Amino acid sequence: MDYEAVIGLEVHVELNTNSKMFCGCSTTFHAPPNTCVCPVCLGMPGVLPAINRKAVEYGIAVGLVLNCTISKWSKMDRKNYFYPDLAKNYQISQYDLPLAYGGWLDVEVDGRTKRIGITRAHLEEDTARNTHTLGGGDSGVDFNRSGVPLLEIVTEPDIRSAQEAYAYLTLLKQILSYLGVSDCNMEEGSLRAEANVSVRRVGDPKLGVKTEIKNVASFSGTYKAIEYEIARQISVLSRGESVVQETRGWDPDRGITVSQRSKESAHDYRYFPEPDLVPIAVNDEWVEKIRASLPELPRARKQRFVTQYSLSEYDAGVLTTTRAMAEYFEETVRAGAPPKPAANWIMGDLQALLTESKQEISSCRIAPSDLAEMIILIEKGTISGKIAKDLLPEMFATGSPPDKLIKEKNLVQLSDISELESIAREVIAANPGPAADYRAGKTKALGFLVGQLMKATQGRANPKLANELLIKELNKIS
Amino acid sequence: MAKEWFRLTAHEIRDAVLGGAVSAEEVTRSFLSRIEQVDSKVCAYVDVWRDAAISRAREIDARIRKEGFRGALAGVPISIKDVLCTKQGYTTCCSKILRGYRSPFDATVVERLWEAGAIFLGKTNMDEFAMGSSTENSAVQLTRNPWNLDYVPGGSSGGSAASVAADEAACSLGSDTGGSIRQPAACCGCVGLKPTYGRVSRYGLVAFASSLDQIGPFTKDVEDCALMLGTIAGRDPRDSTSVDLPVPDYCQALNKDIKGLRVGMPREYFTEALGGEVREKIEEAIRSLEKLGAEVVEVRLPHTEYAIAVYYIICTAEASANLARFDGVRYGYRSPRATDMRQMYHLSRSEGFGPEVRRRIILGTYVLSSGYYDAYYLKAQKVRSLIRQDFVKAFEMCDVIVTPTSPTPAFRIGEKTDDPLQMYLSDIYTISVNLAAIPGLSMPCGFTKGGLPVGLQLLGKHFDEMTLLRVADAYEKNRGFDIGHPPIN
Amino acid sequence: MPKLTVKDVEYVAELAHLTLDGATKERLAQELGSILEYMDKLNELDTSQVEPMMHALEMTNIFRCDEVQPSLSRDVALQNAPKTDGEYFLVPKILDTE
């Protein structure tokens, strides 16, 4: 019997505004516990929330790029439940009138395009973080994340495989990073995905019982968890048993999902409109202003790179993976580097250095203009490509511009004919055997002699010139 | 014998202090000794800030001397309902669950009074979390009506009203969700104003029902009421529901005639259910207004009979969420018996809240719970629309509406606490005002034969406190009797 | 049939995180039952054409700028905490099942 999976995803994104959703506390991640808190985000008696306009605008921007309708009228609601990480024991969220709804996102899976419906995107506030590692019988609560703006993006149950889910999440993350609305850092929890998974017989119009997979720390984890969950549910159904509606967690060590059935009675969130806040009315003018400020998105940028810089589809794709890399590339080109070598250096040596040191291109110490300068020096023949390969790690480590390092380390390519001639003569004199071989017609021996010359000049000799001069000198003596 | 400065109104004190007739310190000491003398009987205060008040008074005196400070409330001693956050002292809402709680900030209204040169005497007693109409639900103490110590001062701001009536403060700040300023003002014979929703910032008011709560003053006369309102009103970026409308000079409403002004009498408020001395006094007051040239017209408020049901659905629903934060995690009471998380919540909240607060939380939770939202909460919000429309229509026919503040004067301590529904029904004249978000003012219009004050309520259009104060001031100056002082020394 | 059963009160008390003793539950079921009965008065009104008054004022779009304001010092933030280690608010161990 054939089964198909029906999957919907809920993604929570922390918006990277400077201040929190309803108060002026900083959203910075690396602060000591309970130092980015105020009466509002601690839910102290007497406080009132005030909406951060930027968060609303970020929400609208995301709605637009996800092809949603932006609500002309939306409001905030209270979602009531008790938990130590929830300062007021209600979360300010949006219930029946989300900021954006009814959109879609096209993702590529195995070369074909799949359209995934976006049910809604709504604003809410993040909760505090609980720590269980303090020792003793207590848990600690740190309210630094309490009140950080969150956008919850919910898909239709259009997803049919772990692969499609993975493709959606990857593309969504790419788009959100491009928009600059979130750091999208899964380790810091600024992007969290939950999957609703059910299976049904192929052709059955009715949905099966779903489980909700929470607390997965990476997209690859989500991929594996969904795959596992589909297989698990199929095997449950095949045995003639039924799937229990529940929340399940992902255990990455054992590679399985585990039930997190809660003791607490059914959730009854008692939503009602937040009386402390007034409704949000978004007119066309505001929407168009935000639309006009949207950055170029990955797909469009990739196409532009192909036409404007004559790059291959592949290169353009790699360079537009992140907005930071695309911008780095374009700044390098703008600083005078020819596009193709710039692309090669960035995707090759520079990317290797970044990967090796676990750095993002946004924090790279080589300024794009310095990379451009290095490439221009190669083009002009001031340094050899080989030297450049040694120079780049120096630039990467020190952040110094190439000309300074070249001077310091005396790396300028040796193109002085008289100096090179004398070195060539010394090399020939010191290696009579290979010289004789060459003269006897064994032209392969030239390679060895060039190598010796490069060694004698610490690689600085202009290779083309070195070749010419060696041949000249060898022929002269004979 | 030292002059009895505590007998004076705020504007009289301010003028005396700024005019050099007396120092703020002397005035403050006069009030502090009055408190010492009578508060053991009245029990209006839950905390008196004696030393802080004196040093503040000295500071005001110095600023007047050195900087020529001319604050609108310079040297005026004021008491604050314990529902407002103050950095000084404690902020407990007279609940066990907040015992010992220190607020890290001052409510916006407290900041504004401070800037105007006020001197804070301390915090006043109230029904726990402002839930009640007699101040008997305080977890701290019973407050007594200064006019007769066997009677309640009204509530929930009973301590504030009693402190002003007993000359233990020149003015006070209270909060009004369904009548909690106007009803105790009526019971204690002072002027109490609930401004239009949005006129005064709620930041720093511990919320009971967010869409109904509003802060307002208790004063000895209408002029002080205008003075206080002008000081605390205005937009506050920390309260998104505070309105960005200019704050007029409310004192311009004083000493004006009311000829030709239309005064509406809602037919639904003057039924046979309203009887006895209260009706007599209100009708007398209306005749005074007529004598002053006002035209009395009958108006209709057809949805009046639904107001109490609407009110108790909305206020308990909002309260159930607003009071969820009292959980023993970040502040407040945590049950020493709690050994796990569930117990921390359940025991702390059950032991920390009093019975009326628990009752309202349960009711509010119920009306919002799955399956009942539409039948109760949504329905109530729809009827609330109708109630507001009633007032909008009525104000097409008149400029102010006049009603009793309460169907009865203050009742005896312990007389009414048994039946909650009966207790809720006595709020009939005040709660519609909060539902409609309009301003309402209560002022004395006479005494019962037993010597208890009767309150006259004046209602105005949204943000038209000016007309309200104008009528109140004209009536006050022509009502033909003197409030005098309660027989307490 | 009673408007509110003891079981209803128990369910709601659980949602509200309150523990009530048996007598209180009985009394509340009765008191709140009669209050709810009184509230059924609203059903006399046909409100199918009425918009709910979801906000007290007819205002929209009140926002603040995305500016960082000073936070509390940690000592002040924690000053009212029933239990703290000077860094965190401490609560009884949170279990996944709660």
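The crossing of α1(A) and α2(A) is right-handed, a crossing being right-handed if the near helix is turned clockwise from the far one by less than a right angle, and left-handed if anticlockwise. The model is predicted, with local features needing pLDDT of at least 70 and side-chain atom pairs counting only at pLDDT 80 or more, whereas totals for chains, interfaces and linings use all residues. Residues are numbered from 1 along each chain as its sequence is written, while chains are lettered from A and ligands numbered from 1 in the order in which they are written.

Helix α1 (residues 53-65) and helix α2 (residues 162-179) of chain A, helices being DSSP runs of H or I with at least four residues, pack at an angle of about 135° with their axes 11 Å apart; axes are lines fitted to C-alpha atoms over the stretch in contact, and angles run from 0 to 180 degrees between N-to-C directions. The two helices are therefore oblique to each other, since angles under 35 degrees count as roughly parallel, over 145 as roughly antiparallel, 65 to 115 as roughly perpendicular and the rest as oblique. A:A61, A:V62 and A:V65 of α1(A) meet A:I175, A:L176 and A:L179 of α2(A), where contact requires C-beta atoms, placed from the backbone, to lie within 7 Å.

Between chains B and C, 53 residues of chain B are in contact with 41 residues of chain C. On the side of chain B that touches chain C, the largest share, 11 residues, comes from α12(B).

How values were computed. Two residues are in contact if their C-beta atoms, placed from the backbone, lie within 7 Å.
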